[in-house]
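Please look over the sequence and the structure shown here before reading the report that follows.

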Amino acid sequence: MATDQLEARMASAAPLESRIRPQLAEHLEVLEPGLRLITEEYVLPNASGSGGRIDILARDQHQMWVVIELKRANATAREAANEIAKYAELLRQHKGLPADRIRTIVVALEPQWRELLAPLSNVARDWRHDLRGYSLLVDEAGMPLSARRVEWLPEPLDQRLTSIHHFYLFGRPQDRDKCWEQVWAHAGEAHVTDLVGVDFLFQGPAEKVRNPHGLYVAFGRIDPQVGPPPCAQVCDHLVLFPDERMGFQHPDEYDALCHVTSSVLGDEAESGNPTNFNRLVQDPDWQIGHVRTTGVFAAGLYETSDFVAALRGNDGEARELFHASASTAVASRWNLLKQDVMGCLAGNEQWTELMGAWLENVEQWDGEYDVEVHIFNPCDLLGTLIHGLPQRIVDYRTKVMAPRMAELVPMIAAVAVPRDDSQVSSLLQGGLQWDGTTVPAFQRRARSIYPTPLSWASHHYGGITWEADSRLLKLMGLWYVIHVQMLAPDGSGGSEVVDGCVGLPSALDAQTVEVNGGLHSLDAFIQHHAEEIYLLVQEYRQFMGI
């Protein structure tokens, strides 16, 4: 006899719920010692809708109120999550009970747990009330014989693309296809089952690259329950030493990448990360093609734009460029947005301070707000000047500098829009600004941070320019600031500015700003020190051969 048929026959032979409930009420100790009955079928009124009836209301040995729901049939089991939440809330409303004085228990026969386990596991993880489940064994008369505590399903892996990336380059597209199959196979050996690969095609001048067919690969997370890759025991390639692992956000995934790259080679290859992917996407000579996926990423729920956003770091791995949105009323997403903003601003203490304060303010406003944040935080002033300034010093004027510099200067843009149209909105813009102090011995000050172009290059390609950038900016009189405007409806479908302020980092003395005539733009700083900056930039460009 098939399993489903056997279970259905067993279920039909079991006593009715109306026979089990009174006997369970008389023998609550079968569930937990110390449980005592208050009443059966406790009626709960509800002034705002339909009421309810608790199967068994009890108290435990710690004097907590215990809502016990008995589910005998699959049809009623499907309603358990809704009912248990409803009854706990109505009991609180009716009796004025604190949330920490209420517990909930769902009791069912073994077959019903096939319907109950998934929804109640979800409720149990996120609910503020204690929720437990028991699988009840009864005799033919409905007398409870024993009860087994049900283990909720574990928290599923929150699968996201990590910052562990790699970029393969090939002369022929068929070699790229073969590479993907090999990456997939070797990644699986190292416990990585969820992968994304993005095909790139170089469409610029042929002499610029030797291998125009790119495969950009990103690793998903390794399930902690599977354990770290076995590389340290069975492979010859390098792996992280125990004392090195603490410095890596994804040590297991990094070891897995080492496993893959030790076996899978391209005609050329480069290391990758969200910052490098952003630069690749922004390069007009490279075009995104087919997106390849495995594991959960191949489930069909994602669009290409989702993968591109994740690869750029918008799922929490961004360290330079970030764009995301959230509602203040959806706690999980809102908290993640705040965490991701702070992660992208890591190393930039001034913007971390100012953006943290703005986000906290928005969170405390009445009503629900939709918040969108865009950040470009390279923390590399010299890099911005080297790659953004015109070749000729005579072009160090705002209109000439603007197009290229606008792409490279750090900036923040954020908006908080209320769901209630009658409330005010908040618009935030942030950038680098000059406090007006003239910088004497400009080049000497710059060399006190980066003694040679090689020292800057080491910081730049090592991704640690932020360590020196804050010291360089302080010497130059440059600060990360924000400007905030509050906008109110003007009665005609538009909005008007009703308030505004400038957010200064605590390290900047407001009196200094006032004495020097207020804050000035980065363009004004460059024009004021044009000759010194030009000489420094040319030195670095000659070193880099650009």
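## A salt bridge within a strand

Which residue forms a salt bridge with Glu69? Glu69 is joined to Lys71, with 3.8 Å between the closest N and O atoms, where a salt bridge is a side-chain nitrogen of Lys or Arg within 4 Å of a carboxyl oxygen of Asp or Glu. Glu69 has a relative accessibility of 4% and counts as buried, and Lys71, at 5%, counts as buried too (buried means under 20% relative accessible area, exposed over 50%, and partly exposed in between, with a 1.4 Å probe and protein chains only).

## Basis of the model

This is a predicted model, in which local features need pLDDT of at least 70 and side-chain atom pairs count only at pLDDT 80 or more, while totals for chains, interfaces and linings use all residues. Residues are numbered from 1 along each chain as its sequence is written, and side-chain values use heavy atoms, leaving out hydrogens and water.

## The sheet

Six strands form an open sheet with mixed pairing, in the order β1-β2-β3-β4-β5-β6; strands are DSSP runs of E with at least two residues, helices runs of H or I with at least four, numbered from the N terminus, and two strands pair if DSSP finds at least two bridges between them. Strands β3 (residues 65-71) and β4 (residues 102-109) run parallel and are joined by seven bridges, with Val67 opposite Thr104 in β4.

Arg103 and Asp60 meet through their side chains in a salt bridge (3.0 Å, N to O). Because Arg103 lies in strand β4 and Asp60 in the loop between β2 and β3, this pair ties together parts that are 43 residues apart in sequence.
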